[in-house]
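Thanks for coming. I will go through one protein model this morning, starting with its strands and ending with the parts to treat with care.

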Amino acid sequence: MGLLALEFSDCYLDSPQLRDRIRAHEAELDRTNKFIKELLKDGKTLIAATKNLSAAQRKFAHSLRDFKFEFIGDAETDDERCIDASLHEFSNFLKNLEEQREILALSVTETLIKPLERFRKEQLGAVKEEKKKFDKETEKNYSLIEKHLSLSAKKKELQLQEADSQVEQNRKHFYEVSLEYVCKLQEIQERKTFECVEPVLSFFQGLFTFYHQGYELAKDFNHYKMDLQINIQNTRNRFEGTRSEVEELMNKIKRNPQEHKRADQATMEGYLYVQEKRPAPFGSSWVKHYCTYKKQTKTFSMIPFEHRSGGKAGDLEAFFLTYCTKRNTDTIDRRFCFDMEAADRPGIPVTMQAFSEDERKLWVEALDSKGGLFINLNRPNTRREGSAQLDKIGFTIIRKCISAIETRGINDQGLYRVVGVSSKVQRLLNLLMDAKTCNEVDLENSVEWEVKTITSAMKQYLRSLPEPLMTYELHGEFIVPAKSGSPESRVSAIHFLVHKLPEKNKEMLDILVKHLANVSNHAKKNLMTVANLGVVFGPTLMRPQEETVAAIMDLKFQNIVVEILIENHEKIFRTLPDATFPEPISVSISPPNAPPRQSRRQGQRNKRPVAVYNLCLDLDDGDSHSSPKEDTPTGSMDSLSSQSPTPAISSSPSGPDKNHLILDSGDGGEWATNQLCGNRQRAESQWQ
């Protein structure tokens with residue numbers, strides 16, 4: 001039951017029941033006052049916490065804005081460029097969010113704190129003043145009545161009449177004060193509901209507005225987030241492929257360091273200890289130097305370097321070499337020593353010490369002015385196993401394989417990604433490369449040869465060529481446009497370079513790329529998009545002449561070149577290029593402080609759907625298999641040749657059970673797993 005009403009007529013009676021009801025109203029107002037005080041305290045704490053959170057968010061955004069990733073090599077892919085710029089985008093997103101949070105903090109002050117403080121001070125404060133006045137008048141009234149009643153009846157009549165008049169007048173004033181107080185009590189009881197709740201409602205409206213603004217920012221940011229997820233997946237898969245290539249190179253170097261020593265016929269370099277003579281009786285000291293000799297100019301340079309000094313190098317010293325001789329152990333108490341003389345210091349030999357006898361031999365042979373044996377230990381031109389050639393048989397092999405693949409397996413999921421059993425692949429390749437048996441092999445109608453065996457044989461044939469199809473000579477020129485420029489300038493540059501290839505190479509490349517374009521046209525069924533084909537055939541059609549880590553870092557750009565060939569096959573192979581090599585046009589990239597608004601969505605990523613396919617494919621059991629890494633040296637995701645995201649296939653060993661298709665919705669939320677043999681359209685609808 002609520003508070004009882006305070007009747008005005010009861011004020012004249014001033015009964016104990018009225019006093020009880022008044023005290024109940026006063027207690028309720030005290031409770032309301034305490035509630036408002038606590039609410040104000042919590043509200044101010046909330047504002048302080050909001051400001052602290054905003055400051056922390058801004059500091060976090062500042063840290064994101066000021067950091068920039070460094071990359072290996074001389075260029076970034078479009079994916080890496082977008083990832084690098086993403087920290088600025090995140091910073092801008094937080095900045096925009098904090099602007100809305102500041103508005104929320106101001107609204108809490110204006111819509112909640114100030115109205116409640118005003119109600120508490122003006123309304124509840126006025127009731128307190130009325131109560132003080134009512135209590136004072138009550139005390140005065142009853143004191144006067146008691147004093148009046150104690151007057152002696154023997155007083156003069158005139159005095160008694162004056163006393164009666166004074167008491168009556170005071171009682172009348174008391175009743176007026178009582179009426180005003182009772183009216184004020186009931187008024188404030190009615191007013192408190194909307195005076196307290198309306199500011200709270202305004203606060204929640206501001207809170208909802210803040211969350212709505214965050215939702216709108218998230219919607220504007222969503223397109224960027226989805227593209228960035230694809231960029232990250234692409235880069236991660238390239239990293240996996242590149243890492244496997246780097247690890248393979250590292251293991252080769254571990255097995256035989258000299259076979260992969262980076263050197264040429266004109267240079268020898270490495271660490272040597274140089275004898276520095278001191279005045280007697282101090283003798284001499286040996287200081288480690290990093291030395292380089294350029295044989296063509298006979299220039300020898302050395303830099304003192306001591307790892308114990310923190311890895312700081314000293315000053316470079318260079319001179320022209322006149323001669324070099326080996327030191328015998330009977331002339332010096334150290335092993336592996338040799339002397340050499342500088343042209344500007346005749347008759348003053350410098351004694352060097354190598355790390356081993358083999359190294360001393362290499363140095364002496366390289367420094368010998370008469371010309372010593374110094375072999376380039378990189379052998380990129382060494383023929384690979386097999387006898388693949390760009391001859392009549394080679395063209396027959398490619399045409400027979402392509403015809404069989406397009407007839408039997410153009411819609412097979414994971415085409416060119418699923419590798420065949422290595423023994424079967426090698427047997428088929430041997431039959432095809434033998435002029436006696438090549439024409440007898442029936443690939444289109446024979447059940448003996450699986451499609452994956454045919455695709456693997458074709459790839460192995462291309463890898464077995466003495467020189468990659470796109471040649472060592474033009475390798476670097478093909479990579480350059482893939483590293484920079486607009487999509488249009490990239491196509492023009494690749495178009496120009498293709499027509500510089502030898503005629504047989506260009507003819508074979510035309511046949512192959514036309515087939516790959518046909519394969520990509522069936523990507524809805526075989527899942528082999530242009531990007532996936534670029535991953536498979538980039539390292540197959542292009543190889544650097546020297547096997548180095550820097551060359552491996554360029555694998556991702558090889559994929560981009562192959563993507564461009566497939567996407568622009570008709571233009572590149574059916575029309576003549578411009579007479580001059582096109583200059584690259586820089587890619588227009590939004591400034592770091594540009595907010596991720598919808599205006600940036602158009603024109604950048606409109607060629608391909610945003611879906612990302614990850615197809616986990618297991619190899620066949622049985623004979624030893626071809627290494628999956630050879631088919632996918634840069635992972636499974638796409639590189640962006642035209643700044644556009646692409647569905648891609650992944651054979652990650654950490655994926656789900658075999659023969660499952662993973663569809664990423666692109667919003668980081670829902671994943672759908674469907675059997676490959678199930679309804680694929682239903683699976684695709686989950687991200688659309």
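Two strands count as paired if DSSP finds at least two bridges between them. Helices (H or I, at least four residues) and strands (E, at least two) are DSSP runs, numbered from the N terminus. What you see is a predicted model, where local features need pLDDT of at least 70, side-chain atom pairs count only at pLDDT 80 or more, and totals for chains, interfaces and linings use all residues. Residues are numbered from 1 along each chain as its sequence is written, and side-chain values use heavy atoms, with hydrogens and water left out.

Six strands close up in the order 1-2-3-4-5-6, with antiparallel pairing. Neighbouring strands of this sheet are turned by 50° against each other on average, direction ignored; the axes behind that angle are lines fitted to C-alpha atoms. Take Tyr 273: its bridge partner in strand 2 is Lys 288, and in strand 6 it stands opposite Gln 353. Val 274 stands opposite Met 352 in strand 6. In a regular strand the side chains alternate between the two faces of the sheet.

Next, the interior. Buried means under 20% relative accessible area, exposed over 50%, and partly exposed in between, with a 1.4 Å probe and protein chains only. A nonpolar core is a set of buried Ala, Val, Leu, Ile, Met, Phe, Trp, Tyr and Cys residues joined through side-chain atoms within 4.5 Å. The largest one has 63 residues, and Tyr 416, Tyr 461, Phe 478, Phe 537 and Leu 541 have the most contacts inside it. A second, separate core of 35 residues includes Ile 188, Phe 203, Leu 207 and Phe 210.

Is helix 15 enclosed or open? Of its 13 residues, 12 are buried, so helix 15 is largely enclosed by the rest of the structure. Among those buried are Lys 556, Gln 558, Asn 559 and Glu 563. Val 562, also buried in this helix, is one of the residues that Phe 537 touches; contact means heavy atoms within 4.5 Å.

Most residues other than glycine have a negative phi. Lys 298 has a positive phi of about 55°; it lies in the loop between strand 2 and strand 3 and is partly exposed, at 33% relative accessible area. Leu 527 has a positive phi near 65°, in the loop between helix 12 and helix 13, but Leu 527 is buried, at 2%.

Last, confidence. pLDDT is the predictor's confidence in each residue, from 0 to 100. The mean for the protein is 78, and 78% of its residues reach 70 or more. Where pLDDT is low, the predicted coordinates should not be read in detail.

Key:
Axes are lines fitted to C-alpha atoms, for helices over the stretch in contact, and angles run from 0 to 180 degrees between N-to-C directions. Lists of a residue's contacts leave out its neighbours within four places in sequence.
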